[in-house]
Amino acid sequence: MTKEAEHVLKLDNRKKYTYFIHKIADYTEVWSLVDADGWAELELGEKSYFPVWAKKEHSDLCRSDEWQDYHSEAIDLDDFLEEWIPRLKREGVRITVMWSEGSGIDVDWDDLLRDITIELEKY
């Protein structure tokens with residue numbers, strides 16, 4: 001793990017979320033995990049979550065236990081905004097940002113879409 005990845009994962013959720021928004025706008029992609037059967041999901045209680053990370057090195061850190069056979073894959077940011085977020089919302093699958101060591105940031109679909117759009121307007 002790089003020093004940057006270590007530092008980011010130790011940030012409080014507000015700062016980690018801000019980092020996520022800035023990085024995905026910079027690189028125009030989000031990262032998640034996928035295997036031959038499809039994309040990674042978390043089942044927590046009665047809710048399903050789709051995990052996303054700002055960079056490949058962050059998603060790679062979660063390739064263990066139930067996700068050991070998965071690999072990190074980028075999702076184009078435009079596709080994420082126009083297709084993924086609306087589909088996840090329709091299906092009731094929540095989005096968790098920067099999942100690590102048993103926790104992530106649970107983000108409302110519309111709030112995430114708004115925050116990314118606001119950040120992209122700065123470019």
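**Terms and their criteria**

Tutor: In this predicted model, the buried residues of helix α2 are Lys 16, Tyr 17, Tyr 19, Phe 20, Ile 21, Lys 23, Ile 24 and Ala 25.

Student: Why is Lys 16 called buried?
Tutor: Lys 16 has a relative accessible area of 7%, and buried means under 20%, so Lys 16 is buried. Lys 16 has its place in helix α2, and, not counting residues up to four places away in sequence, Lys 16 touches Val 8, Leu 9, Leu 11, Met 98 and Ile 105.

Student: How do you know whether Ile 21 is buried or exposed?
Tutor: The relative accessible area of Ile 21 is 6%, and the limit for buried is under 20%, so Ile 21 is placed in the buried class. Ile 21 also lies in α2, and its contacts, leaving aside neighbours within four places in sequence, are Leu 112, Asp 115, Ile 116 and Glu 119.

Student: How does the span of α2 compare with the expected one?
Tutor: Helix α2 has 15 residues and reaches 21 Å from its first C-alpha to its last, which is close to the 21 Å expected at 1.5 Å a residue. At the start of α2, a side-chain oxygen of Asp 12 comes to within 3.0 Å of the backbone nitrogen of Arg 14.

Student: What makes the phi of Thr 28 worth a remark?
Tutor: Most residues other than glycine have a negative phi. The phi of Thr 28 is near 50°, a positive value in a residue other than glycine, and Thr 28 is found in the loop between α2 and β1.

Student: Why is Thr 28 called partly exposed?
Tutor: Its relative accessible area is 42%, whereas buried requires under 20% and exposed requires over 50%, so Thr 28 belongs to the class in between and counts as partly exposed.

Student: Which class of accessibility does Asp 65 belong to, and why?
Tutor: Asp 65 has 61% relative accessibility, and the limit for exposed is over 50%, so Asp 65 counts as exposed. Asp 65 is found in the loop between α3 and β5, and its phi is near 50°, again a positive value in a residue other than glycine.

Student: Why does Ser 59 count as buried?
Tutor: Ser 59 stands at 0% relative accessibility, and the class needs a value under 20%, so Ser 59 counts as buried. Ser 59 has its place in helix α3, residues 56–60, and, leaving aside neighbours within four places in sequence, is in contact with Trp 31, Ser 32, Leu 33, Trp 53 and Ser 72.

Student: What makes the pair of Ser 59 and Ser 72 a polar contact?
Tutor: The two side chains make this contact at 2.7 Å, and the criterion asks for a pair of N or O atoms within 3.5 Å, one able to donate a hydrogen and the other to accept it.

Student: How do you know that β3 and β4 pair?
Tutor: Pairing needs at least two bridges, and strand β3 (residues 42–44) and β4 pair in the antiparallel sense over three bridges, with Leu 42 opposite Tyr 49 in β4. β3 and β4 form a hairpin with two residues between them, and Gly 45 in the turn has a positive phi of about 65°.

Student: In what sense do β4 and β6 pair?
Tutor: β4 and strand β6 (residues 94–100) pair in the parallel sense over four bridges, and Val 52 stands opposite Val 97 in β6. Strand β4 (residues 47–52) is mostly covered, since five of its six residues are buried.

Student: Which residues have the most contacts inside the largest nonpolar core?
Tutor: That core has 36 residues, and those with the most contacts inside it are Phe 20, Trp 67, Phe 80, Ile 95, Val 97 and Leu 112. The largest share of this core, six residues, comes from α4.

Methods: Residues are numbered from 1 along each chain as its sequence is written. This is a predicted model: local features need pLDDT of at least 70, side-chain atom pairs count only at pLDDT 80 or more; totals for chains, interfaces and linings use all residues. Side-chain values use heavy atoms; hydrogens and water are left out. Buried means under 20% relative accessible area, exposed over 50%, partly exposed in between (1.4 Å probe, protein chains only). A nonpolar core is a set of buried Ala, Val, Leu, Ile, Met, Phe, Trp, Tyr and Cys residues joined through side-chain atoms within 4.5 Å. The expected span of a helix is 1.5 Å times one less than its number of residues. Contact means heavy atoms within 4.5 Å.
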